[in-house]
Amino acid sequence: KLASICEDIKGSGEEWREWYDDETPEAKEMPNGYTDKIDVFKQVLLIRCLRPDRMITATKMMISAKLGDYYVQPPSLVYDKIFEKSNEKMPIVFILSPGADPQSDVAKLGDVLGFTGTKFKFVSLGQGMGGIAQQSIETGYQRGHW
């Protein structure tokens, strides 16, 4: 079904260029009826060849279509359960993806557990924040901060 893809792209160059230039081509109909001609996995392979920058979204869409949204949605965190598994020798460290912000949820848990005011320290690691984070950890374990 992909045997004539090169000829189809050459023959319908303007349609393919429009599809290629789209901000989200993985969400659009492919030219020459390829959306219907090939299965979703081959569509992802074609996107990989033409627009590798769109692979993450295309792959998520394929997984969602084949297996359901459950497999592409991040799990919701239950912070009190996470806290129960921590101790003074095993702190909690959050490694976040872009857009994630647990600060308000962690602060709420801190309020419930009595870690408020100066006992609650929050450091967002970014450029130049390593030293501040290290100092907060050292001070925190000495004074019982959270």
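Visitor: What makes α2 and α4 roughly perpendicular to each other?

Guide: In this predicted model, the axes of α2 and α4 cross at roughly 85° and come within 12 Å. Angles of 65 to 115 degrees count as roughly perpendicular, and therefore the label applies to α2 and α4.

Visitor: Which residues in α2 and α4 meet, and how many are nonpolar, polar or charged?

Guide: From α2 come Trp 16, Trp 19 and Tyr 20, which meet Leu 46, Ile 47 and Leu 50 of α4. By class, this contact of α2 with α4 has six nonpolar residues, and no polar and no charged ones.

Visitor: Which residues make up the largest nonpolar core?

Guide: The largest nonpolar core has 11 residues, among them Trp 16, Trp 19, Val 44, Leu 46 and Ile 47. At least two residues of this core are supplied by each of α2 (13-21), α4 (40-50) and α5 (55-67), and α4 gives the most, with three residues. Val 44, leaving aside residues up to four places away in sequence, touches Met 55, Ala 58, Thr 59 and Met 62.

Visitor: Why is Cys 49 called exposed?

Guide: Cys 49 has a relative accessible area of 62%, and because exposed means over 50%, Cys 49 is exposed.

Visitor: How do you know that Cys 6 is too far from the closest cysteine sulfur for a bond?

Guide: A disulfide requires cysteine sulfur atoms within 2.5 Å, whereas the sulfur of Cys 6 is 9.6 Å from the closest one, in Cys 49, and is therefore too far for a bond. A search of the whole structure accordingly finds zero disulfides.

Terms used:
Residues are numbered from 1 along each chain as its sequence is written. This is a predicted model: local features need pLDDT of at least 70, side-chain atom pairs count only at pLDDT 80 or more; totals for chains, interfaces and linings use all residues. Side-chain values use heavy atoms; hydrogens and water are left out. Buried means under 20% relative accessible area, exposed over 50%, partly exposed in between (1.4 Å probe, protein chains only). A nonpolar core is a set of buried Ala, Val, Leu, Ile, Met, Phe, Trp, Tyr and Cys residues joined through side-chain atoms within 4.5 Å. Helices (H or I, at least four residues) and strands (E, at least two) are DSSP runs, numbered from the N terminus. Contact means heavy atoms within 4.5 Å. Axes are lines fitted to C-alpha atoms, for helices over the stretch in contact, and angles run from 0 to 180 degrees between N-to-C directions. Angles under 35 degrees count as roughly parallel, over 145 as roughly antiparallel, 65 to 115 as roughly perpendicular and the rest as oblique. Ala, Val, Leu, Ile, Met, Phe, Trp, Tyr, Cys and Pro count as nonpolar, Asp, Glu, Lys and Arg as charged, and the others, Gly among them, as polar.
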